[in-house]
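This report goes through one chain, from a single side chain out to the overall fold. The sequence and structure come next.

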Amino acid sequence: MNEQEEMLIYKTSIILKKDTSKMCLNDIIEELVTLIEQKEN
């Protein structure tokens, strides 16, 4: 895993308030989109 990937895992873990290192990319994106939609409403 390179430095950029590690930084993304770190940032998404903070944003989603869960460990994203074992999640697949699609699940991470889906949760981020859901969070963004909730913030818009």
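## S13 and its contacts

Outside the four places on either side in sequence, S13 is in contact (heavy atoms within 4.5 Å) with K18, D19 and T20. S13 has its place in helix 1. Helices are DSSP runs of H or I with at least four residues, strands are runs of E with at least two, and both are numbered from the N terminus. The relative accessible area of S13 is 18%. S13 is therefore buried; the classes are buried under 20% relative accessible area, exposed over 50% and partly exposed in between, with a 1.4 Å probe and protein chains only.

The model is predicted: local features need pLDDT of at least 70, side-chain atom pairs count only at pLDDT 80 or more, and totals for chains, interfaces and linings use all residues. Residues are numbered from 1 along each chain as its sequence is written, and side-chain values use heavy atoms, with hydrogens and water left out.

T20 sits in the loop between helix 1 and helix 2. Its relative accessible area is 1%, so T20 is buried. The side chains of T20 and S13 make a polar contact at 3.0 Å. A polar contact is a pair of N or O atoms within 3.5 Å; within protein, one must be able to donate a hydrogen and the other to accept it, and residues adjacent in sequence count only if both atoms are side-chain atoms. Beyond four places in sequence, T20 is in contact with I9, T12, S13 and I28.

K17 is also placed in the loop between helix 1 and helix 2. K17 is not a glycine, yet it has a positive phi of about 60°. Its relative accessibility is 77%, so K17 counts as exposed.

## How the helices pack

Helix 1 spans residues 3-16, and helix 2 spans residues 25-40. They pack at an angle of about 45°, with axes 11 Å apart. Axes are lines fitted to C-alpha atoms, for helices over the stretch in contact; angles run from 0 to 180 degrees between N-to-C directions. The two helices are therefore oblique to each other. Angles under 35 degrees count as roughly parallel, over 145 as roughly antiparallel, 65 to 115 as roughly perpendicular and the rest as oblique. The crossing of helix 1 and helix 2 is left-handed: the near helix is turned anticlockwise from the far one by less than a right angle, whereas clockwise would be right-handed.

Which residues meet? From helix 1 come T12, I15 and L16; from helix 2 come I28, E31, L32 and L35. By class, this contact has 5 nonpolar, 1 polar and 1 charged residues. Ala, Val, Leu, Ile, Met, Phe, Trp, Tyr, Cys and Pro count as nonpolar, Asp, Glu, Lys and Arg as charged, and the others, Gly among them, as polar.

## Two positions on helix 1

Y10 lies in helix 1. Its relative accessible area is 53%, so Y10 is exposed. Y10 and E37 are 27 residues apart in sequence, and their C-alpha atoms are 22 Å apart.

I14 also has its place in helix 1. With a relative accessible area of 48%, I14 is partly exposed. I14 and Q38 are 24 residues apart in sequence and 17 Å apart in space, C-alpha to C-alpha.

## The whole chain

The chain has 2 helices and 0 strands. Of its 41 residues, 12% are buried. Along the principal axes, the C-alpha atoms fill a box of roughly 35 × 15 × 15 Å.
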